[in-house]
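Dear colleague,

I am passing on the structure below so that you can look at it alongside my notes. Please keep it open while you read, and turn to each part as it is mentioned.

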Amino acid sequence: MEKILYCKPGEIEGKSFEIIGEELQKRGIVIPKEQEAVTKRVIHTTADFDYAETLVFSEHAVEKARQLILEGADIVTDTNMALAGINKKVLARFGGEAHCFMADETVASLAKERNVTRAAVSMEFAAKLHKPVIFAVGNAPTALLRLYDYIQDGTFLPAFVIGVPVGFVNVEAAKERILETSVPHIVNRGRKGGSNVAAAICNALLYELGR
């Protein structure tokens, strides 16, 4: 039977990250310093070490994302679950706000009228914020595909894309399209991801700045 570790409530997270560091070392995985906080927080959220191999960061991605937050960029998610998980208090400290337009009645109406997903339409609403936007997509590949179309036709350029939708239909293809662009990004290759992963990446960026 595995030994029980007795930790004070305030020590549990620190102990978890200590275990993650030990596990990575045992596996011979060395994470670049700039990417370490993000990757470890995703592993902490999921208990899945595959993310150490599948998370893809564009050049200086973490530095660019943090700079955007410092300059007051907003974050737009594709689910209310991701929105709920983001530390909005730290984001607000720098003048940013978190949004999710998925429950908006106009979004739902337009999606039904056009026979497209609400996620795709919600990206249109996000494009009208008239300020730099970090997109945190953890559920809907159609959101990534809509952003890709915007980038390709020059209609709208996202400031940053966190592309980690989970699933089977168009998930991998949508992620690969974002990887083809010059937009700064953090993308998880493959089928894994989720709203919790999108929120974890946002929080990893925010917590470092919050300190």
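This is a predicted model: local features need pLDDT of at least 70, side-chain atom pairs count only at pLDDT 80 or more; totals for chains, interfaces and linings use all residues.

Within helix 8, the buried residues are Ala-119, Ala-120, Val-121, Ser-122, Met-123, Glu-124 and Ala-126. Because seven of the nine residues of this helix (118-126) are buried, helix 8 is largely enclosed by the rest of the structure.

Strand 2 and strand 4 run parallel and are joined by four bridges, and Val-76 stands opposite Phe-135 in strand 4. The open sheet has six strands in the order 1-6-5-4-2-3, and their pairing is mixed. Strand 1 (55-57) and strand 3 (98-100) stand at the edges with a single partner strand each, so one side of each has no neighbour in the sheet. On average, neighbouring strands of this sheet are turned by 20° against each other, if direction is ignored.

Helix 2 (residues 33-46) packs on the sheet, where it touches strand 1 and strand 6 (185-188), and its direction makes about 155° with that of strand 1.

Helix 2 also packs with helix 1 (residues 12-26), at an angle of about 110° and with the axes 10 Å apart. As angles of 65 to 115 degrees count as roughly perpendicular, the two helices are therefore roughly perpendicular to each other. In their contact, residues of helix 1 including Phe-17, Ile-20 and Leu-24 meet Lys-40, Arg-41, Ile-43 and His-44 in helix 2, and the contact residues divide into four nonpolar, three polar and three charged.

With best wishes

Note on methods. Residues are numbered from 1 along each chain as its sequence is written. Side-chain values use heavy atoms; hydrogens and water are left out. Buried means under 20% relative accessible area, exposed over 50%, partly exposed in between (1.4 Å probe, protein chains only). Two strands pair if DSSP finds at least two bridges between them. Axes are lines fitted to C-alpha atoms, for helices over the stretch in contact, and angles run from 0 to 180 degrees between N-to-C directions. Contact means heavy atoms within 4.5 Å. Angles under 35 degrees count as roughly parallel, over 145 as roughly antiparallel, 65 to 115 as roughly perpendicular and the rest as oblique. Ala, Val, Leu, Ile, Met, Phe, Trp, Tyr, Cys and Pro count as nonpolar, Asp, Glu, Lys and Arg as charged, and the others, Gly among them, as polar.
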